[in-house]
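User: I am new to this structure and would like to go through it step by step. Could we begin with one of its pockets?

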Amino acid sequence: MKNSINMIVQGEALMAEALKNKCTDTMAKAEAILAEASIRDRVEAKASNKRISAEALINSTLQKQIARGDHPIKLTKLFTSNNPKILKSLKQGYQTIGLSLAPASINGIVNLCTSASKECLTDCLNLSGRGVMNQAQTARKRKALELINDPLSFLTQLCAEIAKAEAKAIKADLILVIRLNVLSDLQWEKIKLEGDRSIFDLFPHIQFYDYSKHDLSKRSLPDNYSVTFSYTGHNKKKAEKLIGLGHTIAVVFNHKRISMPDLFLGHKTASGDDHDLVFIHPRSTVLMLTAKGKALKAIGSPFVIGS
């Protein structure tokens, strides 16, 4: 699998060169390399255990690397901070960095979004905005493969980038906050970096946050990890249960067809588009998110209210 990762890195570099120089020959070569890498992923994936969770697979591989005495290698930068919604947090005094991994089973090995609904997969933000570009897609897949196949290097660099980002935020008089699942839905509290410690234990003073479709009542979330439950239309009973327990939920609606309701499931709503700081909202708040990309064109989708 190391070969497929190297091929993706090589293909991505060639694609960037092709786009810069507008060279069709180089672009064709890059696409061929990426296609071959994809084939290798699928072939090797057939031999993998499809029933194991992503978190368990990552932990197992990491322990094997530690037992072998492997050393981490430097990877391409993992975090980004140029997401339009993430940038809105600056006005609130927060510096947000996010990790964008190729979602669901795009990596060809293990599912990173096991609770996703059919509509969620169809209307995924992975293919919205600039995310549709080949360069963005290959970078997201490369990072997902690096986490799965070389968690030692990935998690070592993840921690180093967090420490560097925190120092930069402090210098700018901002508060660092981190979103680990910009596109994926991993249960990061289950991924252990040192002994039985998670990323949240290593950085207890930093606020992490995410959106998730996993049942939050069955997760042991650390105090510094705020997770908002994502409404799909199929999980209404679960959403009602969780908001009754004080959890925040997020609901997508078609703002071009209906106005944002004042109440949803009997609870007050707030705009989820003003900023991405889900943890500053009162308990049991319903965050209304305007539909984007494919979701905006959906008709009759339970995932999009008013579609």
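Analyst: In this predicted model, strand S1 (79-80), strand S2 (94-99) and helix H7 (151-171) each supply at least two residues of the lining of the second largest pocket.

User: Which element gives the largest share of that lining?

Analyst: Helix H7 does, with 7 residues of the lining of the second largest pocket.

User: And how many residues line the second largest pocket, and which lie nearest its centre?

Analyst: The lining has 16 residues, and those nearest the centre are Lys77, Glu161, Lys164, Ala165 and Lys168. By class, the lining divides into 7 nonpolar, 5 charged and 4 polar residues.

User: What volume does the second largest pocket have?

Analyst: Its volume is about 370 Å³.

User: How does one find empty space like that in the first place?

Analyst: A probe the size of a water molecule is rolled over the atoms, and this shows where empty space is left.

User: How many cavities of 30 Å³ or more are there?

Analyst: The structure holds 1 cavity of 30 Å³ or more. The largest cavity has a volume of about 30 Å³.

User: Which residues line the largest cavity?

Analyst: The lining consists of Lys85, Tyr211, Ser271, Gly272, His275, Asp276, Leu277, Val278, His281 and Leu287. Of the residues in the lining of this cavity, 4 are nonpolar, 4 are polar and 2 are charged.

User: Back to strand S2. Where does Gly98 lie, and is Gly98 buried or exposed?

Analyst: Gly98 lies in strand S2. Gly98 is buried because its relative accessible area is 0%, and the limit for a buried residue is under 20%.

User: What does Gly98 touch, leaving out residues up to four places away in sequence?

Analyst: With those left out, Gly98 touches Leu78, Phe79, Thr80, Ile86, Arg179 and Val182. Gly98 can also be placed relative to Tyr209: the two are 111 residues apart in sequence, and their C-alpha atoms are 9.8 Å apart in space.

User: What about Pro204, where is that?

Analyst: Pro204 is in the loop between helix H8 (199-202) and strand S4 (207-212). Its relative accessibility is 55%, so Pro204 counts as exposed. The C-alpha atoms of Pro204 and Asn224 are separated by 6.4 Å, and these two residues are 20 apart along the chain.

User: Which value does phi take in Asp173, and which in Ser284?

Analyst: Phi of Asp173 is near 60°, a positive value in a residue other than glycine. Ser284 is not a glycine either, and its phi is positive at about 60°.

User: Where are those two, and are they buried or exposed?

Analyst: Asp173 lies in the loop between H7 and strand S3 (175-179). Asp173 has 70% relative accessibility, so it counts as exposed. Ser284 lies in the loop between strand S8 (267-271) and strand S9 (286-290). Ser284 is buried because its relative accessible area is 17%, and buried means under 20%.

User: Now the cysteines. Are Cys120 and Cys159 buried or exposed?

Analyst: Cys120 has 16% relative accessibility and therefore counts as buried. Cys159, at 17%, counts as buried too.

User: And how many disulfides are counted?

Analyst: The count comes to 0 disulfides.

User: To finish, how many helices and strands does the protein have?

Analyst: The protein has 10 helices and 10 strands. Of its 307 residues, 50% are buried.

Conventions: Residues numbered from 1 in each chain as written. Predicted model: local features only at pLDDT ≥ 70, side-chain atom pairs only at ≥ 80, totals over all residues. Heavy atoms only, no water. Disulfide = S-S within 2.5 Å. Buried < 20%, exposed > 50% of the residue type's maximum accessible area, 1.4 Å probe, protein only. 1 Å grid on protein atoms, 1.4 Å probe; cavity = no way out; pocket = protein on both sides within 12 Å on 5 of 7 lines; lining within 4 Å. Points joined across faces, edges and corners; volume = space filled by probe spheres on them. Helix = DSSP H or I, 4+ residues; strand = E, 2+ residues; numbered from the N terminus. Nonpolar A, V, L, I, M, F, W, Y, C, P; charged D, E, K, R; others polar. Contact = heavy atoms within 4.5 Å.
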